[in-house]
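Here are a few notes to read with the model open beside you. Take the points one at a time and find each residue as you go.

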Amino acid sequence: MNEITMGLNVDNLLLQALQEDITSEDITTNAVMREAKAGEVDLICKEDGVIAGLQVYARVFELLDCETQTELYVKDGDFVKKGQLMGKVRGDIRVLLSGERVALNYLQRMSGIATYTRQIADLLKGSKTKLLDTRKTTPNMRVFEKYAVKVGGGYNHRYNLSDGILLKDNHIGAAGSVTKAIEMAKEYAPFVRKIEIEVENLEMVKEAVEAGADIIMLDNMTPDMMREAVALIDGRAETECSGNVTRENVDRLVEIGVDYISSGALTHSSPILDISMKNLHATE
């Protein structure tokens with residue numbers, strides 16, 4: 001996430017989060033800190049994991065006061081240990097206090113997603129299968145959560161509804177059949193767009209192959225049924241499996257030989273990584 005991305009896509013979201021937390025004033029901070037005073041605080045990891053979102057964390061404080069400085073000793077994607085000092089934030093103590101919760105909320109959430117993603121991605125090492133996220137993201141958090149998936153070693157599926165064609169069960173129902181849905185998508189979409197379709201049984205697999213789908217998603221199939229489906233497709237389309245994929249069951253899918261495994265759990269079920277700001281003190 002670079003400075004251009006931060007300014008175009010992230011700052012407004014961060015400001016909304018700050019406005020949610022500070023509707024008029026930080027009454028607690030203002031009660032104990034009546035005027036500006038320089039200080040610094042430590043950023044400390046409280047459990048092992050993969051860190052993600054450090055630029056977002058620092059940006060929260062900069063939006064409150066552009067003079068705030070964050071010194072970091074780690075970078076996104078690093079594996080951090082419990083008790084590790086990851087950086088220091090320096091600036092007006094009132095800013096450090098008022099921005100703490102929002103900044104940590106982003107950093108903890110993103111680091112939790114990166115950590116969970118890394119755990120699953122490691123289980124796929126040595127195979128051809130790539131780990132994908134989904135659109136099952138927290139409202140107004142998608143840019144952060146999908147970035148965290150990439151930091152953790154996963155890949156992004158389509159970012160939003162404008163980003164790619166994915167014909168799901170209700171689209172098929174609306175069109176009338178698998179074949180008709182694919183035909184209509186090919187007629188409507190630019191030729192540079194791949195067409196992916198979700199199927200639930202082998203008959204739908206056959207129909208999707210014959211209709212010329214580019215990617216076939218095997219949804220909520222048993223491992224044995226997925227093996228049959230992959231053999232039936234026989235390289236004529238890319239394959240993706242989806243449906244309740246978690247760290248606990250992903251290993252059974254590796255041997256099937258699908259091109260992609262998509263998991264909503266990466267973004268909707270990852271626990272946060274426990275991180276805190278400690279040892280705040282004045283520096284003048």
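1. Let's start with a charge and a ring. In this predicted model, the charged end of lysine 130 sits over the ring of tyrosine 155. The distance from that charged end to the ring centre is 4.8 Å.

2. Now look for the sheet. Six strands, in the order β6-β11-β10-β9-β8-β7, make up an open sheet with parallel pairing. At the edges you will find β6 (130-132) and β7 (165-167), each of which pairs on one side only. If you ignore direction, neighbouring strands of this sheet are turned by 25° against each other on average.

3. Which residue in β11 is the bridge partner of leucine 131? The partner is isoleucine 261. A helix also belongs to this picture: α8 (residues 202-211) packs on the sheet and touches β8 (195-199) and β9 (215-219). The direction of α8 makes about 165° with that of β8.

4. Next come the aromatic rings. A pair of this kind is described by how far apart the ring centres are and by the angle of the planes. How many aromatic pairs does a search of the whole structure find? The search finds 2. In one of them, tyrosine 57 and phenylalanine 61 have ring centres 5.3 Å apart and planes at 75°, an angle over 60 degrees, so this pair is edge-to-face. Tyrosine 57 and phenylalanine 61 are both buried.

5. Tyrosine 106 and phenylalanine 144 also pair. Their ring centres are 4.7 Å apart and their planes meet at 50°, so the pair is tilted. This pair links distant parts of the chain: tyrosine 106 is in helix α4 (residues 93-123) and phenylalanine 144 is in helix α5, 38 residues apart. Is tyrosine 106 buried or exposed? Tyrosine 106 is buried, because its relative accessible area is 7%, under the 20% cut-off. Phenylalanine 144 has a relative accessibility of 0%, so it counts as buried.

6. Most residues other than glycine have a negative phi. Asparagine 140, however, has a positive phi, near 65°. Asparagine 140 lies in the loop between β6 and α5 (142-151), and it counts as exposed because its relative accessibility is 56%. Asparagine 279 is not a glycine either, yet its phi is positive at about 65°. Asparagine 279 is found in strand β12; with a relative accessible area of 48%, this residue is partly exposed.

7. Finally, turn to serine 269. Where is serine 269 placed? Serine 269 is in the loop between α11 (265-268) and β12 (275-282). Its relative accessibility is 43%, so serine 269 counts as partly exposed. The side chains of serine 269 and histidine 268 are joined by a polar contact of 2.6 Å. For a sense of distance, pick out valine 250: valine 250 and serine 269 are 19 residues apart in sequence, and 15 Å apart in space from C-alpha to C-alpha.

How values were computed: Residues are numbered from 1 along each chain as its sequence is written. This is a predicted model: local features need pLDDT of at least 70, side-chain atom pairs count only at pLDDT 80 or more; totals for chains, interfaces and linings use all residues. Side-chain values use heavy atoms; hydrogens and water are left out. Helices (H or I, at least four residues) and strands (E, at least two) are DSSP runs, numbered from the N terminus. Buried means under 20% relative accessible area, exposed over 50%, partly exposed in between (1.4 Å probe, protein chains only). A polar contact is a pair of N or O atoms within 3.5 Å; within protein, one must be able to donate a hydrogen and the other to accept it, and residues adjacent in sequence count only if both atoms are side-chain atoms. Two strands pair if DSSP finds at least two bridges between them. Axes are lines fitted to C-alpha atoms, for helices over the stretch in contact, and angles run from 0 to 180 degrees between N-to-C directions. Contact means heavy atoms within 4.5 Å. Rings of Phe, Tyr and Trp (its six-membered ring) pair if their centres lie within 6.5 Å; planes under 30 degrees apart count as stacked, over 60 as edge-to-face and the rest as tilted. A charge sits over a ring if NZ of Lys or CZ of Arg is within 6 Å of the ring centre and within 35 degrees of the ring normal.
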